[in-house]
Amino acid sequence: MIRRKWRRDESLDHAELGRLLPPPGSPELPLDRQRLLEEHLMNEFQSSTRDTAPGTPSRRPVRRALVVGAPVTAAALAAVVVFNTVAGSAGPGRAAPVEAPVVAVEAGSAEQVATTVRQIAAAASTGRLPEPGPGQYVYVKSQVSYLAISHEVDKNESKTWVQPLHMREVWKSPDGTKGWLDEPGQQPKGGITLDKDGPLSKPKNGQNVPGEAPNFSYNWLKAQNADPDALLKAAYAAVGESGDRDQQAFQEIGSMLHEQLVPAPVAAALYQAAAKIPGVVVVQHSQDAAGRDGIALARLDERRGDRTEWVFDRSTYAYLGSRGVQVKENDGIKAGTVVERTAVLERAVVDGQKKRPGATQGTV
């Protein structure tokens with residue numbers, strides 16, 4: 001599952017939080033379980049802060065930081081949201097953040113969505129992918145950078161920083177129950193487990209997907225019909241009921257495509273499903289984290305002002321990676337700021353957890 005967006009309607013006193021909260025510790029739970037707990041904690045936090053004075057400006061949640069394994073306690077979660085560190089510093093074992101790049105904001109076009117998605121879906125449907133067998137793992141190697149806003153407590157000043165570009169390697173079992181994440185400079189040395197320690201929670205909208213929420217594993221994706229409407233319902237069923245559900249569904253589909261091996265017919269249907277989400281546009285010029293230029297399917301989060309862009313090779317329409325760009329200034333983040341970048345460098349099927357592709361193992 002992807003990192004979740006949380007609805008935040010009230011401001012936080014960064015300086016006060018900086019004095020009261022302890023520094024975050026090391027994560028002890030698998031990431032998927034962390035995300036479920038993080039979402040629950042944020043909902044509880046929201047409920048407890050609704051009665052602040054009217055007219056209070058909203059603060060932007062730093063949702064992307066949670067992808068790198070934040071600890072799951074109420075105090076630590078709040079600390080992650082506001083990052084009360086001195087600008088440019090890093091916690092133990094983490095690489096120091098760097099100033100976020102800024103680009104020119106290009107307008108998107110809704111008129112080109114249908115044509116562009118047909119080309120992307122056609123390219124995806126003809127892909128020849130390896131198929132993981134028993135004991136094997138889906139391996140995805142990416143170059144990534146996520147938002148890491150810092151706050152200087154003494155001066156009560158915030159600045160937009162991002163993680164330095166770094167490698168991220170993920171191993172996932174076909175059934176989605178086991179996995180490993182290695183992200184040097186952002187995770188403990190050697191990586192952390194992604195094994196599930198229990199079933200996922202049931203979707204709040206149980207009418208869309210009965211039973212437990214799908215974990216969007218390879219096996220789950222392989223079992224689906226290439227039906228855009230059914231896949232879109234599954235994406236909506238997996239997100240929360242608050243906030244911009246269209247944006248959350250768009251990002252949920254993006255997570256299936258980014259760090260997973262998706263059977264070709266289902267991949268094509270997922271792109272067709274994304275095109276049905278209101279607000280999706282085409283941006284003619286975007287770049288992934290590796291600097292590769294391409295065309296993008298994108299959607300703007302109207303509330304926070306940032307646009308999520310999926311980048312495709314403009315000749316082959318192969319998926320390259322993603323980019324997050326602040327389109328409208330919000331919460332001190334200026335328009336044009338690149339708040340997130342990813343680039344898929346390698347996809348493969350490998351013979352075990354923590355093993356990397358070799359000459360005898362298929363790669364995409």
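The buried residues of helix α6 pack against α5 (218-223), α7 and α8, where buried means under 20% relative accessible area, exposed over 50% and partly exposed in between, with a 1.4 Å probe and protein chains only, and where contact means heavy atoms within 4.5 Å. Helices (H or I, at least four residues) and strands (E, at least two) are DSSP runs numbered from the N terminus. The model is predicted, so that local features need pLDDT of at least 70 and side-chain atom pairs count only at pLDDT 80 or more, whereas totals for chains, interfaces and linings use all residues. Residues are numbered from 1 along each chain as its sequence is written, and side-chain values use heavy atoms, with hydrogens and water left out.

Helix α6 (residues 228-237) is largely enclosed by the rest of the structure, because seven of its 10 residues are buried. These buried residues are Pro228, Leu231, Leu232, Ala234, Ala235, Tyr236 and Ala237. At the start of α6, a side-chain oxygen of aspartate 227 comes to within 3.0 Å of the backbone nitrogen of aspartate 229.

In the chain as a whole there are eight helices and 13 strands, and buried residues account for 52% of the 364 residues. Of the contacts between residues at least 6 apart in sequence, 66% join residues that are at least 24 apart.

When residues up to four places away in sequence are not counted, the partners of tryptophan 310 include Phe250, Ile253, Leu257, Tyr271 and Tyr319.

Nine strands form an open sheet in the order β8-β7-β6-β2-β13-β12-β11-β10-β9, with antiparallel pairing; two strands pair if DSSP finds at least two bridges between them. Strands β8 (192-193) and β9 (280-287) stand at the edges with a single partner strand each, so one side of each has no neighbour in the sheet. Strand β7 (residues 179-182) is joined to β8 by two bridges, and the two run antiparallel; tryptophan 180 stands opposite threonine 193 in β8. Valine 311 lies in strand β11 (residues 306-312) and counts as buried because its relative accessibility is 0%. The C-alpha atoms of valine 311 and alanine 343 are separated by 8.9 Å, although the two residues are 32 residues apart along the chain.

Helix α7 lies across β2 (137-146), β9, β10 (293-300), β11, β12 (319-326) and β13 (338-350), and runs at about 30° to β11; axes are lines fitted to C-alpha atoms, for helices over the stretch in contact, and angles run from 0 to 180 degrees between N-to-C directions. Histidine 258 is placed in α7 (residues 245-258) and is buried, with a relative accessible area of 9%. The side chain of histidine 258 makes a polar contact with the side chain of tyrosine 319 at 3.1 Å, a polar contact being a pair of N or O atoms within 3.5 Å, of which, within protein, one must be able to donate a hydrogen and the other to accept it, while residues adjacent in sequence count only if both atoms are side-chain atoms. Leaving aside neighbours within four places in sequence, histidine 258 is also in contact with residues including Val140, Ser142, Thr342, Val344 and Arg347.
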